[in-house]
Amino acid sequence: MSESKQYEIPKKVVIEAYKRVKANKGSAGIDGIDFERFEKKLNNNLYKIWNRMSSGSYFPSPVLSVEIPKKAGGTRRLGIPTITDRIAQMVARMYVEPVVEPMFCDDSYGYRPNKSAIDAIATARKRCWRYDYVIELDVKGLFDNINHELLMRVVLKHVKEEWICLYIKRWLETPFITREGQVIERLSGTPQGGVISPVLANMYLHYVFDMWMKRNFPQAPFERYADDGVIHCRTKEEAFVVKKKLAARFAECKLELHPVKTRVVYCKDKDRTRNEELTEFDFLGYTFKAVYIMCKDGKVRYNFIASVSKTSSKSFRDKIKAMEVHKRTGCKIDIIAEILNPLIRGWMNYFGKFNPSAMKGTLQCIDRRLVKWAMCKYKNFRGKRGRAEKWLCTVRQREPKLFAHWSNLYSYC
């Protein structure tokens with residue numbers, strides 16, 4: 001039996017939204033309700049979401065504010081909505097995304113179906129060979145500083161459903177609350193961590209940056225992944241002109257380019273030999289710079305390529321160390337492999353796409369941790385690192401697929 005409501009939202013959409021939110025996992029919001037508790041009254045909870053959204057009486061709960069460390073130092077504020085609000089946002093996203101997705105530029109890669117960071121890196125890599133200069137772009141605090149009035153103009157232009165516009169406005173205005181109970185009113189921004197936030201950020205930057213670049217500098221291609229980007233220019237003079245006008249454009253749209261991280265870089269290699277101060281840049285965890293490698297003709301030369309960055313390598317090593325496998329002396333080595341392999345495979349799959357040999361030194365840190373584990377576990381290895389290293393090499397030769405990184409390229413055996 002159908003129920004007459006102010007807004008027509010099929011119940012099956014709410015059910016599908018719940019499935020997608022659950023697949024993304026995530027922790028509890030300010031109400032402390034995780035998926036286990038939410039699912040104890042699943043049908044009732046989903047009905048409440050549908051009923052309130054359909055009647056216009058849905059109001060989001062405050063967003064839990066959590067500070068997470070940045071790789072480069074400092075912290076970033078992450079907003080964690082409740083599971084109820086994440087499902088409601090997913091309902092809206094399922095309507096909005098198919099409408100706006102076709103208008104987005106091919107060179108926008110972040111948070112989009114069938115596009116990835118690896119795609120952006122691959123395109124940037126090829127263009128760096130054809131263009132001598134790059135503008136390394138970083139939008140300062142994008143998710144915290146998006147102007148609500150300007151964003152709502154974009155939303156109203158493309159979203160025809162009145163209820164979606166209503167709820168997006170409410171999500172934007174919902175305050176943060178810290179774990180200590182401090183209330184932080186929000187006058188700008190969309191929470192980094194919200195389900196709808198990536199789509200809203202892309203809609204905003206589509207007009208602020210993507211279309212503006214296409215209109216004003218069509219000769220300067222770019223790759224943008226959310227608030228990180230790379231712009232390619234043929235000359236140094238062109239690069240500084242674009243950078244200056246871009247800073248003015250962002251200021252006009254109530255955003256700011258990071259004054260330190262937004263830089264002009266020269267793609268120096270065997271063919272481009274000018275003396276410039278900046279000759280390398282980071283993009284999506286990779287460092288682009290000249291590396292002495294073998295070319296297709298068999299000769300070794302400096303080529304401008306992408307390799308895993310020092311920051312990404314250190315972050316991986318820190319994660320491995322933080323797992324403290326040397327303390328798991330009650331585990332057999334195959335259990336240690338089960339614990340480490342998901343992290344190792346994920347890291348290798350991402351950073352092994354370009355110049356995989358650059359991962360070698362970082363991945364060898366795993367073997368060093370395993371040697372330390374063996375020295376803690378076995379009495380006859382204590383204080384005898386050389387003996388533990390030989391034992392580990394024997395294990396690798398016997399079971400070369402035990403650890404994801406065990407190949408001739410990555411092991412020190």
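**Exercise 1. Find the residue in S7 that is the bridge partner of Leu137.**

Step 1. Locate the strands. Helices (H or I, at least four residues) and strands (E, at least two) are DSSP runs, numbered from the N terminus. S3 covers residues 133-138. S7 covers residues 228-233.

Step 2. Check the pairing. Two strands pair if DSSP finds at least two bridges between them. Six bridges join S3 to S7, and the two run antiparallel.

Step 3. Read off the partner. Leu137 is bridged to Gly229 in S7.

The model is predicted: local features need pLDDT of at least 70, side-chain atom pairs count only at pLDDT 80 or more, and totals for chains, interfaces and linings use all residues. Residues are numbered from 1 along each chain as its sequence is written, and side-chain values use heavy atoms, with hydrogens and water left out.

**Exercise 2. Identify what stands opposite Val134 in S8.**

Step 1. S8 spans residues 263-266. Four bridges pair S8 with S3, again antiparallel.

Step 2. Opposite Val134 sits Val265.

**Exercise 3. Decide how far S3 is covered.**

Step 1. Set the cut-offs. Buried means under 20% relative accessible area, exposed over 50%, partly exposed in between (1.4 Å probe, protein chains only).

Step 2. Take one side: Tyr133, Ile135 and Leu137 are buried. Turn to the other: Val134, Glu136 and Asp138 are buried too.

Step 3. Conclude. Six of the six residues in S3 are buried.

**Exercise 4. Count the disulfides.**

Step 1. A disulfide is a pair of cysteine sulfur atoms within 2.5 Å.

Step 2. Apply the rule. The count is zero.

Step 3. Cys267 counts as buried because its relative accessibility is 0%.
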